[in-house]
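I opened my notebook and looked up a few things in this structure. Come along and follow the entries with the model in view.

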Amino acid sequence: MIELIEVTKTYIGPNQTNIRAVDSVSLQVEDGQTLCLIGTSGSGKTTAMKLVNRLIEPTSGTIRVNGRDVREHDLIQLRRQIGYVLQFGGLFPHQTVAENIGLLCQMDGWTKQQTLERVRSLLHMVNLPYESYGSRYPVELSGGQRQRVGVARALSLDPQYLLMDEPFGALDPITRHQLHDEFLEIKQKVQKTTILVTHDIKEAFILGDLIGVMDQGRLVQIGSTEDIQASTDPFIQSLLHNV
Ligand SMILES: Nc1ncnc2c1ncn2[C@@H]1O[C@H](COP(=O)(O)OP(=O)(O)OP(=O)(O)O)[C@@H](O)[C@H]1O
Ligand SMILES: [Mg+2]
């Protein structure tokens with residue numbers, strides 16, 4: 001389970017003003033559940049997610065993974081069990097696609113052969129055949145292809161938890177649809193506890209067991225698709241307007 005309890009992250013902005021990037025957010029994602037975070041640009045989604053794997057430390061509040069405060073986890077162990085898909089893919093530019101995906105396996109002491117097999121099967125899963133894409137560099141890929149490599153890399157060590165920052169953002173509707181199906185299939189097979197950021201409320205309804213709506217650092221509402229659809233909050237109403 002992933003839990004945030006009264007978590008706030010404040011940055012000091014120009015003229016010493018406080019930017020409450022994440023403002024008193026409390027939420028729970030049960031084992032096997034997917035929470036989709038949705039909100040306007042700058043509402044604190046990426047910040048909220050980076051607090052979970054300790055890329056960012058909170059100003060106040062507590063974050064628990066698997067029932068334990070993240071500060072009590074060994075940092076390497078914590079990150080190993082949390083796959084992270086960065087916004088825009090976040091690939092290492094000087095490594096090939098295969099090297100990017102296999103990096104964590106190599107660091108984990110897998111043999112070359114084991115790593116190669118894993119890379120092949122992950123690339124197959126995201127519809128980028130190893131033969132055509134394995135030896136390319138990120139700059140030689142489209143934005144959507146880079147995102148898919150980012151998803152493959154996050155899954156490489158078969159982590160129990162997944163943080164996905166707009167993983168399907170740059171994809172055309174057809175590929176997006178395919179990856180949604182893949183995602184739901186994986187979810188059925190292996191119960192991963194996931195937080196996924198999206199700008200697309202329809203995507204949130206398709207993929208999320210829970211939907212969290214953020215606005216200016218605050219979690220406006222968290223609940224099921226039905227809860228969100230029934231909301232009378234004006235901000236949520238405006239999000240729903242596009243569906
Ligand atoms: N290192 C930083 N220093 C100062 N302010 C920051 C920093 N990182 C983020 N912020 C601010 O915190 C707020 C939340 O940023 P965050 O990246 O979490 O938004 P987001 O919801 O992920 O937006 P987007 O949808 O555009 O990715 C923004 O106002 C941003 O400018
Ligand atoms: Mg973001």
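Predicted model: local features only at pLDDT ≥ 70, side-chain atom pairs only at ≥ 80, totals over all residues.

**Entry 1: the cores**

I looked for the largest nonpolar core and found that it has 39 residues, of which Ile101, Phe168, Ile211 and Val213 touch the most other members. Where does this core lie? Domain 1 (1-81 + 160-243) and domain 2 (91-158) both give residues to the core, so it lies between them. I noted that another core, of 27 residues, lies apart from it, with Leu37, Leu78, Tyr161 and Leu210 among its members.

Next I picked Ile211 and listed its contacts, leaving aside neighbours within four places in sequence. Among them are Leu35, Cys36 and Ile38, and also Ala204, Phe205, Ile222 and Ile228.

**Entry 2: the two domains**

I checked the domain assignment, and it gives domain 1 (1-81 + 160-243) and domain 2 (91-158). Taken over C-alpha atoms, their centres are 25 Å apart. I then looked at how they meet: 16 residues of domain 1 are in contact with 13 residues of domain 2.

**Entry 3: ligand 1**

I turned to ligand 1, which has 13 residues around it; Ser41, Gly42, Lys45, Thr46 and Thr47 come nearest. An oxygen atom of ligand 1 is 2.8 Å from a side-chain N or O atom of Thr46, and an oxygen atom of the ligand is 2.9 Å from a side-chain N or O atom of Gln87. For Ser43, a polar backbone atom is 3.2 Å from an oxygen atom of ligand 1.

**Entry 4: two positive phi values**

I reminded myself that most residues other than glycine have a negative phi. Gln16 has a positive phi near 60 degrees, and it lies in the loop between β1 (2-12) and β2 (18-29). Is Gln16 buried or exposed? Its relative accessibility is 66%, over the 50% cut-off, so Gln16 counts as exposed.

Asn66 also has a positive phi, of about 60 degrees. I found Asn66 in the loop between β4 (60-65) and β5 (68-69), partly exposed at 45%.

Definitions and conventions: Residues numbered from 1 in each chain as written. Chains lettered and ligands numbered in written order. Heavy atoms only, no water. Core = buried A, V, L, I, M, F, W, Y, C linked by side-chain atoms within 4.5 Å. Buried < 20%, exposed > 50% of the residue type's maximum accessible area, 1.4 Å probe, protein only. Domains from an automatic or database assignment. Contact = heavy atoms within 4.5 Å. Near = heavy atom within 4 Å. Polar contact = N/O pair within 3.5 Å; in protein donor to acceptor, adjacent residues only side chain to side chain. Helix = DSSP H or I, 4+ residues; strand = E, 2+ residues; numbered from the N terminus.
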